[in-house]
Amino acid sequence: MSEASLTELPWYLAKQPAQIATREITVIGAGIAGCTTAVALQRRGFKVTVVDRHPQAGSEASGNSQGIVYPKLSPRDDLLPQVNLAAIQFCKDYYQPFWDRGLGAQCGILVVPESPKKAADFALISQRFADRPEIVQSVDHQQLCELAGIPLNAVTALYFPQLGWLPPALVCQQLLQINNIPLLQADIHRLERDQTTHSWELLDARGQSILKTESVVIASAFDCKNFAQSEHLPLRKIRGQITQLPSTVESRPLKTVICGEGYFTPAVDGLHSCGATYNKDIFSTEVREQDHLTNIAQISATDPGLATALGEPAIDTLRGRANFRCTTPDYLPIVGALPNVPEMLEDYAILRKDAKTVLPTRGSYLPNLYVNCGMGSRGLSYAPLTAEILATQIAEEASPVNLELLKAMHPARFLIRDLKRKRI
Ligand SMILES: Cc1cc2nc3c(=O)[nH]c(=O)nc-3n(C[C@H](O)[C@H](O)[C@H](O)COP(=O)(O)OP(=O)(O)OC[C@H]3O[C@@H](n4cnc5c(N)ncnc54)[C@H](O)[C@@H]3O)c2cc1C
């Protein structure tokens, strides 16, 4: 990261630079965050091992058969839509080889407004992007029906021509296979710093050493909270279920993804994917019939034309899949070096008294320990960019995003905010 100007507190710059000698790095987690991180590091000459508790990559949140590469844009120039825009611009190129190989489809996404307020926002978004129709454009009823390939009721929609869907589990597996990155199966319970060898030791539940490595990236989604070094991150676990709906003669011609209250994909092997539910208090991965009903209701609410095309599926025969999103309070991912919390609290204690203090004090970070998590509902869109951000940081290269966006996704942002708000 570049030098801080003296007009602000350089909390995001590390007091001590990382000590990279062997370039051995271990990534914990073989979901989309971990696999993209592994590839970005390997491309920079790091010797990468990925560790996951499952034998196959993409076995948890990144395990659905169809995931949408979808952005959250806004008429306002806030950090969230700025990150989303940067993410989709980056991931479109990243996924192009997958789409070119026939994995998923760059079929375009139609986003239907859920309310008059959303429709007004969409009009402003399309004005903002009027000179960049390759990113997003406003379409009318006739255009959206032609793009979709089936009759819909919507009178307007935003159309993202360069986006589409991907099978996240296969993307994770291919990322590792194509790049010859080893996947080691182990459930890591603890990380310990060996001060003599300046390395991190990964231990399992019985305290057995799994491996020693110079650097570690924790990409284990909500389970980052199981490690003492990252338990302070304000993550939430949100259950989601998708439903697979049999295609009909009327729904089969659907060509694009449709998003609104929920999302709905073109059929593959006679099945559309639709989803997803959002439950804060359920912690089982059991597929629930009532969640199928919720997904079907969301599809009808998105566009009654879709419901008409689907007819009346037999609920008790439907299949689906449930897993957990890992969300953050500001809906932005968390990527970068992990702070040394006690030292940060001591060094920046003054912020509790004067939130505007500007000191030359840099932040305290744990040596060679990083995190990439908090992908929320947009892991496919965010992960290629956050992986690149992290790899450029570790390799001390120029970042693909500006300092404002780096700070917006920085792991220490919550500590600084909470100190300023006197919450800690
Ligand atoms: C129902 C549903 C639908 C969704 N639809 C979309 C969509 O259409 N588009 C989209 O972009 N996003 C979607 N999401 C969100 C998306 O799935 C996530 O953002 C993304 O998969 C998160 O990736 P991840 O790598 O951070 O986590 P994960 O894929 O969960 O990967 C974490 C990995 O870490 C491993 N792990 C955890 N702890 C340990 C440990 N201690 N030791 C070893 N291994 C460990 C796990 O086994 C897992 O493989 C959806 C989510 C759900 C639940």
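**Figure 1. Contacts of L41 in a predicted model.** L41 touches I25, F46, V48, A391 and I394, leaving aside residues up to four places away in sequence. Two residues are in contact if their C-beta atoms, placed from the backbone, lie within 7 Å. L41 sits in helix α1. Helices (H or I, at least four residues) and strands (E, at least two) are DSSP runs, numbered from the N terminus. Is L41 buried or exposed? L41 is buried, because 24 other C-beta atoms lie within 10 Å. The cut-offs: buried means 20 or more other C-beta atoms within 10 Å of a residue's own, exposed means 12 or fewer, and partly exposed is in between, with C-beta atoms placed from the backbone.

Two notes apply to every view. Residues are numbered from 1 along each chain as its sequence is written. The model is predicted: local features need pLDDT of at least 70, side-chain atom pairs count only at pLDDT 80 or more, and totals for chains, interfaces and linings use all residues.

**Figure 2. Helix α1 and its cover.** Helix α1 is mostly covered, with 10 of its 11 residues buried. The buried residues include I32, C35, V39 and L41. What lies over them? The cover of the buried α1 residues includes β1 (24-28), β2, α5 (168-178), β12 (215-218), β19 (365-373) and α9. An α-helix has 3.6 residues a turn, so residues three or four places apart point the same way.

**Figure 3. The shell around the ligand.** How many residues surround the ligand? The shell holds 44 residues, and the closest are G29, G31, S62, G240 and G379. A residue is near a molecule or strand if its C-beta atom, placed from the backbone, lies within 6 Å of it. Elements giving two or more residues to this shell are α1 (32-42), β2 (47-52), β3 (67-69), β13 (236-246), β17 (319-327) and α9 (379-394). β17 gives the most, with four residues. By type, the shell has 19 nonpolar, 18 polar and seven charged residues. Ala, Val, Leu, Ile, Met, Phe, Trp, Tyr, Cys and Pro count as nonpolar, Asp, Glu, Lys and Arg as charged, and the others, Gly among them, as polar. Domain 1 (24-61 + 170-235 + 329-420) and domain 2 (109-161 + 236-327) each supply at least three residues to the shell. The domain bounds come from an automatic or database domain assignment.

**Figure 4. Backbone exceptions.** Most residues other than glycine have a negative phi, and most peptide bonds are trans. The peptide bond from G275 to A276 is cis, with omega near -10 degrees. A276 belongs to the loop between β16 (271-275) and α6 (289-302). D269 is not a glycine, yet its phi is positive, near 50 degrees. D269 is in the loop between β15 (263-264) and β16. D269 is exposed, because it has 7 other C-beta atoms within 10 Å. N368, also not a glycine, has a positive phi of about 55 degrees. N368 is in strand β19. N368 counts as buried, because it has 23 C-beta neighbours inside 10 Å.
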